[in-house]
Amino acid sequence: MEFLYMRKTSSLKLAFTSLISTLLICLSGCEGTTSTNGPQLNTKANLSPAPLTIDILATGKSDCIIIQIQDKTVMIDTGLDENGETITDFLKKENIDTIDYLIISHLDKDHIGGADIILDEGIEVQNVIQPNYSRDTKQHKEYVKALEKHDIKPTLLTSDTVLEVNGATIIVSAPLREEYEQSNDYSLITSLSYKNQSFLFAGDAEAIRISEFLASNPHAYTLLKVPHHGKYSDNLEELLQMTTPDYGIITCSEDEYPDQKVLDLLTKYQVQTLLTSDGPIIIRSDGQQITVNQQLTSTLSLKQKGD
């Protein structure tokens, strides 16, 4: 079945309130359960607790992805400055006081903005990995100052690096050029493999950076964090063809919505797609099965992969 993407309006909200309160969508082959905290999209398997948990926070048109692999935590990006307290609150709620690896995909404000607040609130960051360039922006200056204040020397990535974390393999792919015109094309692209499941986090990669990544012959992935908040790129279709994701996540806001051409492509390739504008997303896996759940805030923007 298919649910069409929609922008939130008062009439749509009223029309779907009763539906969403009971809505249960199965994304794989077991029976789902409902949450006492509100409506969710659920898969069938009960994977709570799971050795691998990925939280993609609803921080608007910005990225903050928190990956827990047993007792280790990897974070990709820190959202906007205004997201810092929300991210810190989430970490404390999850009893996360140490981030083993903080991967900064690139140095735009919607990816580094919350870093200073997270550090100043007492979250220990043991390793920072970022691309090898700098920016003359207020947010970047605050980011650099925060790292210096907390005696953190980031790794400036110039070649791919592999991290082994509690049975998971994380490959952080570095940009191939020393200079690009666009900051987005410096994006680190991170892949995570855990047993039979794999996840690709594409930062804000645009056409040049996507082409570099595609040249490395990427394999299939279970889930793709769609690059650049759902903005269209000429080779996005090729990326979908080569990575064949089952699930797609777009980090966006109601006011800054994905391009329709991107949504159409995801539908064409039968990718089950969720938008963080509808609420935070939590993914759990034991390496064999996977659940993808969303805490909906209001109306639903989902296209269900065809049966």
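Reader: What makes Glu237 count as partly exposed?

Author: Glu237 has a relative accessibility of 25%. Buried means under 20% relative accessible area, exposed over 50% and partly exposed in between, with a 1.4 Å probe and protein chains only. The 25% of Glu237 lies in between, so the residue is partly exposed. The model is predicted: local features need pLDDT of at least 70, side-chain atom pairs count only at pLDDT 80 or more, and totals for chains, interfaces and linings use all residues. Residues are numbered from 1 along each chain as its sequence is written, and side-chain values use heavy atoms, with hydrogens and water left out.

Reader: Why is the contact between Lys268 and Glu237 called a salt bridge?

Author: The term requires a side-chain nitrogen of Lys or Arg within 4 Å of a carboxyl oxygen of Asp or Glu. For Lys268 and Glu237 the N to O distance is 2.6 Å, so the pair qualifies. Lys268 lies in helix H8 (residues 260-268) and Glu237 in helix H7 (residues 236-243), 31 residues apart, and the pair thus links distant parts of the chain. Helices (H or I, at least four residues) and strands (E, at least two) are DSSP runs, numbered from the N terminus. Lys268, at 54% relative accessibility, counts as exposed.

Reader: What separates Arg209 and Glu212 in helix H6?

Author: Arg209 and Glu212 are 3 residues apart in helix H6 (residues 207-214), which means about one helical turn between them. They form a salt bridge, with the closest N and O atoms 3.0 Å apart. Both Arg209 and Glu212 are buried.

Reader: What makes E9 and E15 the edges of the sheet of 7 strands?

Author: This open sheet has the order E9-E10-E11-E12-E13-E14-E15, and its pairing is mixed. Strand E9 (161-165) and strand E15 (272-275) each have a single partner strand, so one side of each is left without a neighbour in the sheet. Neighbouring strands are turned by 15° against each other on average, direction ignored; the axes are lines fitted to C-alpha atoms.

Reader: How do you know that E12 and E13 pair?

Author: Two strands pair if DSSP finds at least two bridges between them. Strand E12 (residues 197-201) and E13 have 3 bridges, in the parallel sense, so they pass. Phe199 stands opposite Leu223 in E13.

Reader: Why is strand E17 described as largely enclosed?

Author: E17 (residues 290-294) is largely enclosed by the rest of the structure because 5 of its 5 residues are buried.

Reader: Which strand is joined to E17 by 5 bridges?

Author: Strand E16 (residues 281-285) is joined to E17 by these bridges, and the two run antiparallel. Asn293 of E17 is the bridge partner of Ile282. E16 and E17 form a hairpin with 4 residues between them, and Gly287 in the turn has a positive phi of about 95°.

Reader: In what order do the 8 strands of the open sheet with E16 and E17 come?

Author: The order is E8-E7-E5-E3-E2-E1-E16-E17, with mixed pairing. Strand E8 (155-157) and E17 are its edge strands, each pairing on one side only. Within this sheet, E1 and E2 pair in the antiparallel sense over 5 bridges, and Ile56 stands opposite Ile65 in E2.

Conventions:
Axes fitted to C-alpha atoms, helices over the stretch in contact; angles between N-to-C directions.
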